[in-house]
Amino acid sequence: LWFLADPVRSDLALIDPKSRQDFIDVQWPLVARPAFGGMRPSAVRWYRMPAPGWFVEEGWSLTPEAAGMSRLMTRGPHFAPIVANVRRRSDAARLLIGGRNLAAASDPAARITLSIDNAPFQEFTAPPGFFLHVFDIPAGRLDGAGSLATVTVTSTPASGAVAIPTAIEQFDVQAADQLIWGYDTGWQEAEYSPGLGVWRWTSDKATLRVIGDARPVRVTLWIESPLRYFDDAPLVRAVAGGRELAAATLSESREWRFDVPADALRAGNGTITIETDRTFSPAERSGAADQRRLGLRVFSIQVSNY
């Protein structure tokens, strides 16, 4: 199908990213007329999408927009099971799931249960804070009647009877021989504004986890100029397996790209860490309640084999 999207909207993150790779950005001149508010669009992203490998229904938090709708509709895995529809296949596959236990640090862990076609598949506990897990799906487990299997996610309290608020913020299912990756430790939660789209902040060290055959990968980040927040440009490094892969002093908004050799990826157990020597806390600058340590504001990341 063809899908014409506002480039800063994030709705399509609810659909398999492998089906969203064929697109072009179309722009045309638009003369701003102050008397006519809300004139748009001046650009559109034209997707040509094959049948997706998966798509999710309501209650997921794969983007801040989706998370906001889930809250408004009181949907989420701690209210009732949330559903992903996954294209059936006979071969082995791999499932990535990440998110947050949103309870206070002193509250109980949440028990996350995954089922495939209503049959239990995996279960793990998630203490308050972020989590990321990857599971292998054996060959034949996604076979069955119809074109789509259902993967359901449920969150229950590991102890006690009070529901633990839980958000599923990362999800992917791909064939076992395909690259799959996620945001691991050191990343802040995703944020969104209608003018800028979606971004994430790093802390001083933020790790990407790459899963798949040990093949070289290329990482591309679009980073906002740190000089908006710091007097001096930070030194930014990429490290895997104890090896420095790239380093740059970032003084402007730019694309930063580097390659990760297969042996470095193996030595780091699939992890790639982005380090910066400049961070700040909003609480220190404005008296806000936000105590997070913020380093780089990253608007997009691509990880691909080359």
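Trainee: Which residues are buried in helix α1 (residues 64-72)?

Mentor: First, the ground rules. This is a predicted model, where local features need pLDDT of at least 70, side-chain atom pairs count only at pLDDT 80 or more, and totals for chains, interfaces and linings use all residues. Residues are numbered from 1 along each chain as its sequence is written, and side-chain values use heavy atoms, with hydrogens and water left out. Buried means under 20% relative accessible area, exposed over 50%, partly exposed in between (1.4 Å probe, protein chains only). Helices (H or I, at least four residues) and strands (E, at least two) are DSSP runs, numbered from the N terminus. In α1, the buried residues are Glu65, Ala66, Ala67, Gly68 and Ser70. Their cover includes β13 (191-193). Thr74 follows α1 and has a positive phi, near 45 degrees.

Trainee: How do I read the largest nonpolar core, and which residues touch the most other members?

Mentor: In soluble globular proteins, nonpolar side chains tend to be buried together. A nonpolar core is a set of buried Ala, Val, Leu, Ile, Met, Phe, Trp, Tyr and Cys residues joined through side-chain atoms within 4.5 Å. Here the largest has 29 residues, and Trp60, Leu95 and Phe171 touch the most other members. Elements giving two or more residues include β4 (54-56), β6 (93-101) and β11 (166-175). β7 gives the most, four residues. Another core, of 28 residues, lies apart; Leu221 and Val260 are among them.

Trainee: What is Trp60 in contact with, leaving aside its neighbours within four places in sequence?

Mentor: Contact means heavy atoms within 4.5 Å. The partners of Trp60 include Ala66, Ala67 and Ser70. Val153, Ile168 and Phe171 are also among them.

Trainee: Which strands pair with β3 (residues 43-48), and in which sense?

Mentor: Two strands pair if DSSP finds at least two bridges between them. β1 (residues 2-5) pairs with β3 in the antiparallel sense over four bridges. Trp2 has Arg48 of β3 as its bridge partner. β2 (residues 23-27) also runs antiparallel to β3, with five bridges. There, Val26 stands opposite Val44.

Trainee: What lines the second largest pocket?

Mentor: On a 1 Å grid over the protein atoms alone, a pocket is an open set of points where a 1.4 Å probe fits, with protein on both sides within 12 Å along at least five of seven lines; lining residues have an atom within 4 Å of a point. Of the 23 lining residues, the closest to the centre are Ser61, Ala67, Arg71, Ala167 and Glu169. α1 supplies the largest share, four residues.
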